[in-house]
Amino acid sequence: MMRRIVTIFLFSTCICLHASAQRIVNFDDNWRFMLGDDSLAKNPGYNDTKWRKLDLPHDWSIEGNFSEKNTTTQAEGGLPAGIGWYRKTFTLAYDTKLQKEVFINFDGVYHNSEVWINGHYLGKRPNGYVSFSYYLTPYLNFNAKNTITVRVDNSDQPNSRWYSGSGIYRNVWLSYEFPVHLKKWGTFITTPTVTDKAATVHISTSVENAPEPIPLEITILDEARNIVAKDTSSIKGSADRELIIKNPELWSVDHPHLYSVIVQLLAGGKTLYSETYKIGIRSFQFDAQKGFFLNGKSMKIKGVCLHHDEGALGAAVNTRAIERQLQLLKDMGCNAIRTSHNPPAPEFLDLCDKMGLLVLDEAFDMWAKKKSKHDYHEDWAQWHVRDLQDQILRDRNHPSVFMWSVGNEIREQFDTTGISITKELVGIVKNIDNTRSVTSALSEADPKKNFIYQSGALDVIGFNYHPEAWPDFPKNYPGQKFIATETTSAYETRGFYEQPTDSTRHWPTSAKAPFKGNPEFAITAYDNVVAYWGATHEDTWKVIKKYDFLSGLFVWTGFDYIGEPTPYPWPARSSYFGIIDLAGFPKDIYYMYQSEWTNKPVLHLLPHWNWKPGQIIDVWAYYSQADEVELFLNGRSLGVKRKTGDSLHVNWKVKYEPGTLKAISRRNGKIVLIKEIHTAGPAAKVVMVADRRVIKADGKDLSYFTVKITDKDGNIVPDADNLVYFKITGPGKIAGVDNGSQSDLESFKANCRKAFHGMCLVIVQSDKKPGSINIEASSVGLASAKSLAKSE
């Protein structure tokens, strides 16, 4: 068989693709961008030489300035939106005698994207979260220049209840296929039978443009690349095959073992076309009395909700940024993520597959009835079927995806249209994937008033909030299965504390109640301030852990996110709900979850120890793997405390005096952990630590440098707000800066940042050249810090 080769020239870059090995190439490099609108830009001869050069993914909103005058409003973070154009010129060079099919694939563009190739209009996709592709072949100039043009219109504001970002913010791919190929998203792999001794792997696949049967080979490899199952047959149209894996290694949240399924079309004994899928052998089920089971074992779903922004990087997808977020949550004991309220980036699901995190894959935040003036309700009638189908087709082979959600707090739950639309949406899902449960996140807890529930179409009833109703769920929803799709909505600002902590406060007390807050635009980091519809983290978790039929929860939210800064007005511009702040620094409540959700010993003491002499301070301790905690102040014991009843922390009221606060946890009289907090002196130096000292020289990889303002002895100064300047040399750049403050209006794209409660962050991104990236952090009057990351 003749070896078919496609050579793609992208400016000075030459990439060779072989039909036997690869059919897709990353198309992110060397684009030009203009913020503004010019209808002539779609023409191939348009002069774009003055446009900005950049690589994708790209979010132009995050590069702008915060302003309450921006049309996005405070709900979307007050960052600019508007219209932007992208253009890329490239050359395809190969033997034109060979047949070929070329496609461009967009993982996500926010939003209202329109695409042209060489001036030919390919189409429009309004939804900013779905993946889509266009067929390029008839309009390409082979062995000559081609221009792809994309117009992105995010000017129809407001169109979101949180920060969306703007632009081609996910990856773009150019793929080539021969006329005979597997249908896009046409392969579906399931594991209908799973035991410790054997697992059945079912592969359903479809081929296009095969006039007669063509050889089909399916091979399954384990992680060591050993062949564990193989099938050779033929296919014309579609085919269903079942392979048996003996003694399978099961995918779980603790051991996410992945197999590779290679599906190949053969001709003359050689590979004509090949696709590889990562799968996990696992089973899951919900039970009305006993909750959730993974691989036949009972398991509480310990989840969080996540929006898609990556803090200072905005919405622009970066695999390492997502990995850092997921690793922080995994270390906390989190085992599940709800993608609120839209389909995630493919890289997100890949990482959840690899790291062992279950995913509740959500489709919509609204249906035909709007929540924002220009949100998805405007596109619902024309696009919801296609968008939902494409989401399920794209994501259904991911082992991490264990359930679909067709909506979040949908307004149709309050009228009879909720019945028919729910049935329609669930039917669409089941027609493509009947192996997973379908839910919708419901905010109306009364079954008599909820028409989405009354549709009878949901496999699992998703509750948002209303923990007071959960214990009566079996009575009110007989025979139904439960998941708390969204919970808590408690507020915290990292490092900020208010006394006393004896009661829970609701800020505000109702939707129309006046709210004052404090001049710092902050909320105490003790777990005792919540939204009027919410509950504290501790109170929420106590209910979930008490009842077997409550399968688990998704806490709102895992991380702070840009936008929706309830309860404060401007200049607050990001949320207070996160367990982890926007910079990726854990708040104190993180350690409550870690003490409850993991088996590791935990001892966390709060607050800091810089107060006014004689002030009465509530000292809290979260702990685990121990029977008791003893607290000492300057060597004097303040008593031993043990958790009683269903309490999740212990606390003391301590009259402040400067010095050392020390906690010792013990089990059976033996010391488990010791934690000390020292009164900090004046700020003396900048300390900087990188999360990774070696990164890839790929132009995308990141190193996160945590910066602390400390006294001469290395204690963090809790009220330090020093301005820190960053200087970088070598093959890297500053990708973003942050400090976790919810009301800081300085740009994320600066070369400096004020510390917030003694800490800030600088994110360093590699270039495409190897070498040492040197970073210096300095502040007036303080000893500076130097560090480096090696790019290779």
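Phe 27 and Trp 31 are both buried, a word used here for under 20% relative accessible area, with exposed meaning over 50% and partly exposed in between (1.4 Å probe, protein chains only). The model you are looking at is predicted, so local features need pLDDT of at least 70 and side-chain atom pairs count only at pLDDT 80 or more, while totals for chains, interfaces and linings use all residues. Residues are numbered from 1 along each chain as its sequence is written, and side-chain values use heavy atoms, leaving out hydrogens and water.

Let us turn to the rings. Rings of Phe, Tyr and Trp (its six-membered ring) pair if their centres lie within 6.5 Å; planes under 30 degrees apart are stacked, over 60 edge-to-face, and the rest tilted. By this rule there are 45 aromatic pairs. One of them joins Phe 27 and Trp 31 edge-to-face, with 6.1 Å from centre to centre and 85° between the planes. Phe 27 also has Lys 88 over its face, 3.8 Å from the ring centre; such a charge has NZ of Lys or CZ of Arg within 6 Å of the ring centre and within 35 degrees of the ring normal.

Now look at Arg 87, which sits in strand β6, residues 82–93 (strands are DSSP runs of E, at least two residues, numbered from the N terminus). Arg 87 counts as buried because its relative accessibility is 2%. Polar atoms of its side chain lie 3.0 Å from the backbone oxygen of Asn 43 and 3.2 Å from that of Tyr 46.

Notes. Helices (H or I, at least four residues) and strands (E, at least two) are DSSP runs, numbered from the N terminus. A polar contact is a pair of N or O atoms within 3.5 Å; within protein, one must be able to donate a hydrogen and the other to accept it, and residues adjacent in sequence count only if both atoms are side-chain atoms.
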